[in-house]
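The entries below follow the order in which I looked things up.

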Amino acid sequence: MLRRRLERGSAELTVNQVLDATDLIAMRESVEQVSVHEDVLHYVVSLPPLRDAIHRSPLRQPRAELDLVQLARARALLLAGTM
């Protein structure tokens, strides 16, 4: 089934621009303005899969944690209807 799907290919897609670079930068800056309660930060770092992945990483960079917090910030903006 996987082989058939890969060999079949996919239809050509048309992608339309929905915002420009200025809008995208403004949206990213809006996300950065959302405050995150300390309890949320403690919760995020306590999640076992994230914690385990971070401790196994030779660089020990908490990218997964940062990404999850950024996602939560963006979702908060969307739910508030300000994005």
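Entry 1. I began with helix H3 (residues 38-46) and helix H5 (residues 63-80), whose axes come within 10 Å and cross at roughly 135 degrees. I therefore recorded H3 as oblique to H5, since angles over 145 degrees count as roughly antiparallel and 65 to 115 as roughly perpendicular. The crossing of H3 past H5 is right-handed. I note here that the model is predicted.

Entry 2. I then looked up which residues form this contact. On the H3 side I found Leu 41, Val 44 and Val 45, and these meet Glu 65, Leu 68 and Val 69 of H5. Sorted by class, the contact of H3 with H5 holds 5 nonpolar residues, 1 charged residue and no polar ones.

Entry 3. I turned next to H2 and H5. Their axes lie 9 Å apart, and the packing angle is about 105 degrees. From H2, the contact draws on Ser 30, Val 31 and Glu 32; from H5, it draws on Gln 70, Arg 73, Ala 74 and Leu 77. I classed the residues of the contact of H2 with H5 as 3 nonpolar, 2 polar and 2 charged.

Entry 4. I closed with H2 itself. Helix H2 covers residues 21-32, a run of 12 residues. From the first C-alpha to the last, H2 reaches 17 Å, which is close to the 16 Å expected at 1.5 Å a residue. At the N-terminal end of H2 I found a cap, Asp 20. A side-chain oxygen of Asp 20 lies 3.2 Å from the backbone nitrogen of Thr 22.

How values were computed. Residues numbered from 1 in each chain as written. Predicted model: local features only at pLDDT ≥ 70, side-chain atom pairs only at ≥ 80, totals over all residues. Heavy atoms only, no water. Helix = DSSP H or I, 4+ residues; strand = E, 2+ residues; numbered from the N terminus. Expected span 1.5 Å × (residues − 1). Polar contact = N/O pair within 3.5 Å; in protein donor to acceptor, adjacent residues only side chain to side chain. Axes fitted to C-alpha atoms, helices over the stretch in contact; angles between N-to-C directions. Parallel < 35°, antiparallel > 145°, perpendicular 65-115°, else oblique. Left-handed = near helix turned anticlockwise from the far one by under 90°. Contact = heavy atoms within 4.5 Å. Nonpolar A, V, L, I, M, F, W, Y, C, P; charged D, E, K, R; others polar.
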